[in-house]
Amino acid sequence: QLTHCLLRYHQRHGAPYVSLLASHILDSLVFVPIMVGVLMFLFEFFDDQMLAFMVFSVVWVSEVFCLVKVRGHRDMLRFPQLFFALFCL
């Protein structure tokens, strides 16, 4: 929401996008060490890098699906069942 407001502000006032882009990149770079740490933990936990990466990928795809598709109350109740089914495969 805040990013959308900042983008509109920059568009309406003809402000350069460099500061907006730089702040977005810095905000995104904060998560890189966290993701690398989670992957390192999964590598050690599963003792198989491919399996750990696949588990990480399933969790990431499920999170993206949840952000994009799951909007209503009924969907929020069914999503945990779908997520559990992915791990049972």
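# Helix packing and aromatic pairs

The axes of helix 2 (residues 18-29) and helix 3 come within 5 Å of each other, crossing at roughly 25°. This structure is a predicted model, in which local features need pLDDT of at least 70 and side-chain atom pairs count only at pLDDT 80 or more, while totals for chains, interfaces and linings use all residues. Residues are numbered from 1 along each chain as its sequence is written, and side-chain values use heavy atoms, with hydrogens and water left out.

Helices are DSSP runs (H or I, at least four residues) numbered from the N terminus. An axis is a line fitted to C-alpha atoms over the stretch in contact, and angles between N-to-C directions run from 0 to 180 degrees.

**Helix 2 and helix 3**

The angle between helix 2 and helix 3 is the reason why they count as roughly parallel to each other (under 35 degrees; over 145 is roughly antiparallel, 65 to 115 roughly perpendicular, and the rest oblique). Where do the two helices meet? Asp27, Ser28 and Leu29 of helix 2 are in contact (heavy atoms within 4.5 Å) with Phe31, Val32 and Pro33 of helix 3. Sorted by class, the residues of this contact are four nonpolar, one polar and one charged. Here Ala, Val, Leu, Ile, Met, Phe, Trp, Tyr, Cys and Pro count as nonpolar, Asp, Glu, Lys and Arg as charged, and the others, Gly among them, as polar.

**Helix 3 and helix 4**

The axes of helix 3 and helix 4 approach within 8 Å and cross at roughly 130°, so helix 3 is oblique to helix 4. On the side of helix 3, the contact is made by Met35, Val38, Leu39, Leu42, Phe43 and Phe46, and on the side of helix 4 by Gln49, Leu51, Ala52, Phe53, Val55 and Phe56. These residues divide into 11 nonpolar, one polar and no charged.

Between helix 3 and helix 4 is a loop that contains Asp47. Most residues other than glycine have a negative phi. Asp47, although it is not a glycine, has a positive phi of about 60°.

**Helix 4 and helix 5**

Helix 4 (residues 49-68) and helix 5 (residues 73-88) have axes that come within 11 Å and cross at roughly 160°. Helix 4 is therefore roughly antiparallel to helix 5, and their crossing is right-handed. Val55, Val58, Val59, Ser62, Phe65 and Cys66 of helix 4 touch Phe79, Leu82, Phe83, Leu86 and Phe87 of helix 5. The contact comprises 10 nonpolar residues, one polar and no charged.

Which residues does Ser62 contact beyond its neighbours within four places in sequence? Ser62, a residue of helix 4, is in contact with Phe79, Phe83 and Leu86.

Two aromatic pairs are present in the structure. The rings of Phe41 and Phe45 are stacked, because their centres are 5.8 Å apart and their planes lie at 20° (rings of Phe, Tyr and Trp, the last by its six-membered ring, pair if their centres lie within 6.5 Å; planes under 30 degrees apart are stacked, over 60 edge-to-face, the rest tilted). Phe41 and Phe45 are four residues apart in helix 3 (residues 31-46), so about one helical turn separates them. Phe45 also pairs with Phe46 in an edge-to-face arrangement, with 5.2 Å from centre to centre and 85° between the planes. Through these ring pairs, Phe41, Phe45 and Phe46 are linked into a cluster.

**Exposure of selected residues**

Relative accessible area, found with a 1.4 Å probe on protein chains only, gives three classes: buried under 20%, exposed over 50%, and partly exposed in between.

| Residue | Relative accessibility | Class |
|---|---|---|
| Phe41 | 55% | exposed |
| Phe45 | 58% | exposed |
| Phe46 | 29% | partly exposed |
| Asp47 | 71% | exposed |
| Ser62 | 4% | buried |
| Pro16 | 58% | exposed |

Pro16 is located in the loop between helix 1 (2-13) and helix 2. How many residues separate Pro16 from Ile34 in sequence? Pro16 and Ile34 are 18 residues apart in sequence, and their C-alpha atoms are 31 Å apart in space.

Technical notes. Left-handed = near helix turned anticlockwise from the far one by under 90°.
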